[in-house]
Amino acid sequence: APKGRLRRLHVDRNALGPRGCGALLRAWAAASAERLDFLDLQDNGVGESGCAELCRLVGKAPAATIDFGGGRQVLLSWRKPQGRLVRSTWQGREPANVYWHDSPPSR
């Protein structure tokens with residue numbers, strides 16, 4: 001690899017929204033792009049349907065981890081209506097994401 005090459009980009013929790021995540025993912029998938037090995041787009045205000053659309057954008061099935069082969073991955077996450085987070089692990093490590101509700105849980 002060339003000296004100083006950017007290999008991993010963590011832009012999780014940056015409120016990029018669907019447009020920002022889509023732009024980064026399109027750049028990631030472009031044939032002429034400098035290849036990143038890892039792109040973390042978790043918790044950027046993209047819902048489940050938006051994450052599914054991002055996966056379709058690059059021709060992949062909807063998933064929290066988009067695998068491009070050769071160890072190249074993109075991580076996505078979205079909140080379920082109940083407040084749970086869908087996420088994946090990377091090299092056996094699990095990210096810590098905390099969500100809370102202003103109202104008490106229903107019983």
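Residues are numbered from 1 along the chain as its sequence is written. Because the model is predicted, local features need pLDDT of at least 70, side-chain atom pairs count only at pLDDT 80 or more, and totals for chains, interfaces and linings use all residues, while side-chain values use heavy atoms, with hydrogens and water left out.

Let's start with the layout. The protein chain has two helices and six strands (DSSP runs, H or I of at least four residues for helices and E of at least two for strands, numbered from the N terminus). Along the sequence they follow the pattern β-α-β-α-β-β-β-β. Of the 107 residues, 34% are buried (under 20% relative accessible area, with a 1.4 Å probe and protein chains only).

The mean for the protein chain is 77, and 66% of the residues reach 70 or more.

| Strand | Residues | Mean pLDDT |
|---|---|---|
| β2 (highest) | 38-40 | 91 |
| β6 (lowest) | 85-86 | 54 |

Over residues 96-103, pLDDT stays under 50.

Arg 72 is buried but has no salt bridge (a side-chain nitrogen of Lys or Arg within 4 Å of a carboxyl oxygen of Asp or Glu). Its nearest side chain of opposite charge is Asp 37, 5.0 Å away. Leaving out residues up to four places away in sequence, Arg 72 touches Trp 28, Arg 35, Leu 36, Asp 37, Ile 66 and Asp 67, where a contact means heavy atoms within 4.5 Å.

Definitions and conventions. pLDDT is the predictor's confidence in each residue, from 0 to 100. Buried means under 20% relative accessible area, exposed over 50%, partly exposed in between (1.4 Å probe, protein chains only). Lys and Arg count as positive and Asp and Glu as negative; His and the chain ends are not counted.
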